[in-house]
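Hello,

Here is the structure I promised to pass on. Please open it and keep it beside you while you read my notes.

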Amino acid sequence: MKDIDRDDFHKRAQELIKARNIFIPHVTKNITIAWDLYQEMLAEEKMAPRLMSDIDGRQPRTILDDLGRLSCLKCDSEMSLREIDKGKYRSQWECLKCGAVRKSKKTVEQWIQKLMKRNLALRKP
Ligand SMILES: [Zn+2]
């Protein structure tokens, strides 16, 4: 049971860091508001425990499915976002169909921010 509690705490701490990375300082400077926004976002996506599971590409559905993924330049299929640490590159999009890879200097959090901003812009009347 102790392991579960510790895991739980660790997860919460990580979630808080993600909330901060996504919303501060671009959307708000207040961590409480950032946390509320993050919870709201998770509730909306109904996938709180799996938010970042797309990083390792094992989960078929993640927040990226709702935010919108990049399309493969070769075959136009959806791409999966992974965190990497190779020199100046911090993330990479990988085609789920043909395996084409597109490296990026943006971190996964920066991609999520970018996609969220794009979605917010699209929702505006
Ligand atoms: Zn492809």
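**What I found**

Of the 125 residues in the protein chain, 16% are buried (20 or more other C-beta atoms within 10 Å of the residue's own, with C-beta atoms placed from the backbone; 12 or fewer is exposed, and in between is partly exposed). This is a predicted model: local features need pLDDT of at least 70, side-chain atom pairs count only at pLDDT 80 or more, and totals for chains, interfaces and linings use all residues. Residues are numbered from 1 along each chain as its sequence is written.

Start with the layout. The protein chain has four helices and three strands. These are DSSP runs, numbered from the N terminus: helices are H or I with at least four residues, strands are E with at least two. From the N terminus, the order is α-α-α-β-β-β-α.

Now the strands. Two strands pair if DSSP finds at least two bridges between them. E1 (residues 79–86) pairs with E2 (residues 89–95) in the antiparallel sense, over six bridges. Arg82 faces Gln92 of E2 across that pairing. Two residues separate E1 and E2 in a hairpin, and Gly87 in the turn has a positive phi of about 60°.

E2 also pairs with E3 (residues 101–104), again antiparallel, over four bridges. Glu94 has Val101 in E3 as its bridge partner. This hairpin has five residues between its strands, and Gly99 in the turn has a positive phi of about 80°.

Next, the core. A nonpolar core is a set of buried Ala, Val, Leu, Ile, Met, Phe, Trp, Tyr and Cys residues joined through C-beta atoms within 7 Å. The largest one here has eleven residues, including Ile63, Cys72, Leu81, Trp93 and Trp111. H3, E1, E2 and H4 (108–123) each give two or more residues to this core. H4 gives the most, with four.

Contacts come next. Two residues are in contact if their C-beta atoms, placed from the backbone, lie within 7 Å. Among contacts with a separation of 6 or more in the protein chain, 28% join residues 24 or more positions apart.

Last, how confident is the predictor? pLDDT gives its confidence in each residue, from 0 to 100. The protein chain averages 78, and 79% of the residues score at least 70. Which elements have the lowest and highest confidence? Helix H3 (residues 63–67) is lowest, at a mean of 74, and E3 is highest, at 94. Over residues 48–54, pLDDT stays under 50. The model has 15 contacts beyond four places in sequence for that stretch.

Best wishes

Terms used:
pLDDT = per-residue confidence, 0-100.
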